[in-house]
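User: I have a new model open and would like to talk it through with you. Could you start with how you decide that strands belong together?

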Amino acid sequence: MTKNAATQATDDGVAASPTTQAKEIVAGAPDLPATQEDTSSQDLYNTRVVLTTYPSQFGIEPIPLIWGAQTPGERGPVVVSRQQGTLGKRNAIGAGGGSYCIYRALAVAIGALGPNHRPDFRLTEPTNIIGPFASWSDPEKIVSLDPWGHSVVENYSNYLEDGIDLRPTTAITKAHMKLAEIDDAIRSGILKCDGDIVTAGGELKVVKVASEPVWHLPGVAKRFGIEESTLRRALFEDTGGMYPELITRPDLKVFLPPIGGLTVYIFGDPAAIPDPTKRLTLRVHDECNGSDVFGSDICTCKPYLIYSIEECAREAQNGGVGVVVYFRKEGRALGEVTKYLVYNARKRQEGGDTAANYFKRTESVAGVKDVRFQALMPDILHWLGISRIDRLISMSNMKYQAIVDSGIEIVERVSIPEERMPADSKVEIEAKIADGYFTTGEALAGEALGDVKGRNWDEIAH
Ligand SMILES: [Zn+2]
């Protein structure tokens, strides 16, 4: 890159303040020997590297974005692309696609995807209409997703026609589900085929919504009672300094974080969700790949998920509607590697794997016992237009509190039936109940909690 050496800072024509002085806003790579890769990198992008931007910089004119405005037109589109013609108009920090932005980068790097590729959105529009609801134009009810993220093409076609690179962050589709456990439930008479919600072939008909995170930083900070500047600094530091604009662009208030999103499964008519005359059964489920997909029996995740699907289908069959929200927050959002380290520490600790020590091992490995931060979770419920949940299929006190604190009424809390709990998951469940989780039974304490033990790895029977 020697022939494309560091360039001068662009003169933004504004009187330099201490913070805008001597800024190198457009910089080349360090002075490295030219290599084959350098040449191809120049061919690929054909522009100098823009390390970061500043509010008063020449050419920086963000498209106005007013979070919580009454209409999508007044609110403005979320613009996060750095493509040619869009970079100066960005009004959001980060990258689209959640964690998948990295795979897209790899595809560009190897030449499988052009850096300026634009999607063809024809025929991609939602299969079902959801909203708009009053919560969509309340800047504090929804702070972690874009309420207009599914209607980008519909509402912002003028920007697309002007060459601005916009991407939907939410998509709505329909599907049929076929699960072995649901087949079993039909065979044993727990669930009936009605030909509509559950087809004669035992398939469940669903409407599905996938959504990627879009954070309004002032709203997220307020939700947790912290300063926006503290949130920005922590996000900058703990992403390895990946997003300098968190620091240099305080005027940009929206951040698309590189994390997993969520999926909503709706059983019955989505129009019944905001209808106060219709009953709603709901589960909020946080990802547990080991149990949900592979059937690991150390926790109750999959049995809970299956139970909630059955209950949602039944509610829809009775004229109401069922909703399962699935969040990509593996291992209490600490990740699967941390989770397995904790499993090992639990099984090997003195006295064995007991309910009394359940949370201690997570804390000793991760420093905290849970980073799912349910305070942001109700956003999707408000996006769906929910104001009352008749049956919440969850024992989690954190989920319950977050939903109630956000202004949604919960009529009944439903815990997993005893007979559906795998034997080895008793450690988890009893520990959670002792910690404040909902139960219709008794919370154990003291010695009794220490008596709830998980099996050793080599034991076959519990
Ligand atoms: Zn689990």
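Analyst: Two strands are taken as a pair if DSSP finds at least two bridges between them. With that in mind, and remembering that this is a predicted model, strand 4 and strand 5 (residues 254-256) are joined by two bridges and run antiparallel.

User: Which residue stands opposite V254 in strand 5?

Analyst: That is H216, which faces V254 of strand 5.

User: Zooming out, how many helices and strands are in the chain?

Analyst: The chain has 18 helices and ten strands, and of its 462 residues 46% count as buried. Taking the contacts between residues at least 6 apart in sequence, 72% join residues that are at least 24 apart.

User: OK, switching to the metal. What coordinates the zinc ion?

Analyst: The zinc ion is coordinated at 2.2 Å by the SG atoms of C288, C299 and C301, and along the chain these donors follow the spacing C-x10-C-x1-C. C288 sits in the loop between strand 7 (280-286) and helix 10 (289-292), while C299 sits in the loop between helix 10 and helix 11 (301-317), so that the pair, eleven residues apart, links distant parts of the chain.

User: Are C288 and C299 buried or exposed, and why?

Analyst: C288 counts as buried because its relative accessible area is 3%, where the cut-off for buried is under 20%. C299 is buried as well, because its relative accessible area is 5%.

User: What lines the largest cavity?

Analyst: Its lining has 32 residues, and those nearest the centre of the largest cavity are C301, R332, Y358, E428 and K432. C301 is also one of the residues that coordinate the zinc ion. By class, the lining of the largest cavity has twelve nonpolar, eight polar and twelve charged residues.

User: And which helix gives the largest share of that lining?

Analyst: Helix 13 does, with five residues. Among the elements that each supply at least two residues to the lining of the largest cavity are strand 7, helix 11, helix 12 (330-333), helix 13 (336-348) and helix 17 (426-434).

User: What about the second largest cavity?

Analyst: The second largest cavity holds about 60 Å³ of space, and its lining includes I273, P274, D275 and R388. By class, five residues of this lining are nonpolar, one is polar and three are charged.

User: Last topic, the pockets: what is the volume of the second largest pocket, and which residues lie nearest its centre?

Analyst: The second largest pocket has a volume of about 1400 Å³, and of the 44 residues that line it, W215, I259, G260, R328 and A333 lie nearest its centre. Helix 8 gives the largest share of that lining, five residues, and helix 12 is one of the elements that each supply at least two residues. By class, the lining of the second largest pocket has 24 nonpolar, eleven polar and nine charged residues.

Terms used: Residues numbered from 1 in each chain as written. Predicted model: local features only at pLDDT ≥ 70, side-chain atom pairs only at ≥ 80, totals over all residues. Heavy atoms only, no water. Helix = DSSP H or I, 4+ residues; strand = E, 2+ residues; numbered from the N terminus. Donors = N, O, S within 2.8 Å, 3.2 Å for Na, K, Ca; no water. Buried < 20%, exposed > 50% of the residue type's maximum accessible area, 1.4 Å probe, protein only. 1 Å grid on protein atoms, 1.4 Å probe; cavity = no way out; pocket = protein on both sides within 12 Å on 5 of 7 lines; lining within 4 Å. Nonpolar A, V, L, I, M, F, W, Y, C, P; charged D, E, K, R; others polar. Points joined across faces, edges and corners; volume = space filled by probe spheres on them. Contact = heavy atoms within 4.5 Å.
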